[in-house]
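Reader: I'd like to learn how to read helices in a model like this one. Can you walk me through it?

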Amino acid sequence: MKYAFFPGCSLESTAWDFDKSTRAVCKALDIELADIPDWVCCGSTPAHSSNASLAVALPVMNLQKAQAAGYSEVLTACASCYARLRTANHKVNEDSAERERAGRITGKPYDGTLKVRHILDVLVNDLGVRAIRKRILKPIKGLRVASYYGCLLSRPPEVVAFDDAEHPACMDDLVKAAGGQAVDWPLKTECCGASLSISKTGVVNRLGYRLLSMAHRAGAECMVVACPLCQLNLDFRQPEARQGHADIPDIPVIYITQLLGLALGIPKEALGLEALTIGAGQLSARCAAAGRS
Amino acid sequence: MNATQKNAAIPSSLEWADGALLAEVERRSGAAVSTCFQCHKCSSGCPIAPDMDLLSSQIMRLIHLGARNEILDSEAIWACASCEACTARCPMGIDIAAVMDTLRMMAVERKVSASDARTRSFNKAFLSSVRWHGRVFEAGMMTLYKLLSRDFFADMDKVPRMLRKRKLALLPHFSKSAKDVRNVFKRAEEEEKKR
């Protein structure tokens, strides 16, 4: 399986560990990734909040580059890039005025035929949970994991559409395949505050505490995510989010690719675990120990 | 300001039956705001609702009523995290998140209010980074954000941990298409004026 890979800005900086672990897991599972040459930022929330034409044109530039390089499917790991690329593609396909406008702005036509896929979608639907289970070398036995999908992977359903919008299960299936226990909890698709992290930190910390405490009360020892914004808000900001709340312990919040990587027997150095703020060492030791038993 | 005071202020700018605001928001967002029947499902599921001075369902109703100033001066349009829970759940299929985008753009265009300068400054700093580098350069973006928002001290204590965890690059990653991106920004701005 070969895909054009769109890393996005977060995977080059704050989420370099998501980049590293995604590439390591794909390599281990024979998913070939080729970076889109000279890719540019998708525009993220600031673009769709400021200029609707720009919010379509920036993703389209990347889709054109992937198409010119001969690919028919683009894979991204960042949930925000995924939502922006999907939304732009959806608009170009549904609305001829949008398609023409994007063509005028980028100076090239784009027909909207490229497929945009998220790494979770590819793992669960192209490769399949059963095939992944067969490749697990160090099952993370008994680890209780809350899968947190957030907003961008699940909404709006007519645009993203690879799992249920209110009760997604693909990450839970991967956790189970890796030998862990998927905790049932109610805030799977609640928002973490995403890009308000910098301008409205108080709001993000309130939402972060709510998510962490709910996962803890549901019995989770750690959370898995597939979005750089969720990870930053719940892990990097966790010390602030928990300030004044003595009721919850340190809760590691790791990328699904890091968890899956450990279970696939990929050395932890290749998964960027040192980038985590909370409990990186403890968690990987636990996984390694579980693998031996 | 409590709810009574806020409501007391509303009639001052109502356009009432003229419907210009409703027409403009519907045209620019592509969302059928006029079909809102005030079920409040959007507000009930909104994770940011406790931090908003107007709830999303109230904003929909105020659009019907033409209360332009009350909406465009609100904190709520900037508190919205664009999580799209409202859009996904609206029984009338109104793309409420797209309406919020449109309202933010309208608020910026009229250049009067300074309600929530921080999120505006963040958007501006983020996009200028993309405009010049083709990609986001965090250290440069944060410097510009701090200059624009005058929010100098927030998060400065986290810089050492950012650096230690290699989460903050000190040099920009340029895309070789940075020049094309600058042209795309220019043309997208021209296209927006035509809408």
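Reader: Which residues of α2(A) are buried?

Author: A residue is buried if 20 or more other C-beta atoms, placed from the backbone, lie within 10 Å of its own. In α2(A) those are A:Asp17, A:Phe18, A:Asp19, A:Lys20, A:Ser21, A:Thr22, A:Ala24, A:Val25 and A:Cys26. Keep in mind that this is a predicted model, where local features need pLDDT of at least 70, side-chain atom pairs count only at pLDDT 80 or more, and totals for chains, interfaces and linings use all residues. Residues are numbered from 1 along each chain as its sequence is written, and chains are lettered from A and ligands numbered from 1 in the order in which they are written.

Reader: What covers the buried residues of α2(A)?

Author: The cover includes α1, β2 (32–35), α7 (119–134), α12 (228–236), β8 (253–255) and α14 (256–263) of chain A. Helices here are DSSP runs (H or I, at least four residues), as are strands (E, at least two), numbered from the N terminus.

Reader: And what follows α2(A)?

Author: A:Asp30, with a positive phi, near 60 degrees.

Reader: How do α4(A) and α5(A) pack?

Author: Axes are lines fitted to C-alpha atoms, for helices over the stretch in contact, and angles between N-to-C directions run from 0 to 180 degrees. Helix α4 (residues 52–68) and helix α5 (residues 79–94) of chain A pack at about 95 degrees, axes 9 Å apart. They are therefore roughly perpendicular (65 to 115 degrees).

Reader: Which residues of α4(A) make the contact?

Author: A:Val56, A:Pro59, A:Val60, A:Asn62 and A:Leu63; contact needs C-beta atoms, placed from the backbone, within 7 Å.

Reader: How many residues of chain A are in contact with chain B?

Author: 44, against 46 residues of chain B.

Note on methods. Parallel < 35°, antiparallel > 145°, perpendicular 65-115°, else oblique. Contact = placed C-beta atoms within 7 Å. Buried ≥ 20, exposed ≤ 12 C-beta atoms within 10 Å, placed from the backbone.
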